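Work through the exercises below with the model in view. Try each task before reading its solution.

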Amino acid sequence: MAVGYVLVNVLPGMEYDAFQVIKEIENVVDATLLFGDYDIIVKLEAESLGIIAKTVVNTIRQVSGVTVSKTLAGADF
C-alpha cells in the first residue's frame, strides 16, 4: 500500500468548495482545511505511487480553484 500527502493551494474564497470536491475523490482517505501556507492537506492511499500520482495530476489538480499542489510520498522501510 502506498501513501501520499498532497498540500493544496486554492483561489481565495474557493477553499471550502474545493475541499468538498477533493474529500470525495477516489483514494482520498482524509482531507483537512488548513490555515497557513497551504489551504488543504490530503492523504491518499492506493496500490502504488503511480496511482497516487495519477490521482493528483488527473483529478486533484483539475478541481476548480486549485492553483498549486505539492505531493509528498510516504516512505516504505
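**Exercise 1.** How many helices and how many strands are there in the protein?

*Solution.* This is a predicted model; local features need pLDDT of at least 70, side-chain atom pairs count only at pLDDT 80 or more, and totals for chains, interfaces and linings use all residues. Residues are numbered from 1 along each chain as its sequence is written, and side-chain values use heavy atoms, without hydrogens and water. Take DSSP runs: H or I of at least four residues for helices, E of at least two for strands, numbered from the N terminus. The protein has two helices and four strands. From the N terminus, their order is β-α-β-β-α-β.

**Exercise 2.** Find the aromatic pair and classify its geometry.

*Solution.* Rings of Phe, Tyr and Trp (its six-membered ring) pair if their centres lie within 6.5 Å; planes under 30 degrees apart are stacked, over 60 edge-to-face, the rest tilted. Searching the whole structure gives one pair. The partners are Y16 and F19, with centres 6.3 Å apart and planes at 40°, so the pair is tilted. Both residues sit in helix α1 (residues 15-22). They are three residues apart, about one turn of the helix.

**Exercise 3.** Is F19 buried or exposed? Is Y16 buried or exposed?

*Solution.* Apply the cut-offs: buried is under 20% relative accessible area, exposed over 50%, partly exposed in between (1.4 Å probe, protein chains only). F19 has 12%, so F19 is buried. Y16 has 51% relative accessibility, so Y16 counts as exposed. Across the protein, 35% of the 77 residues count as buried.
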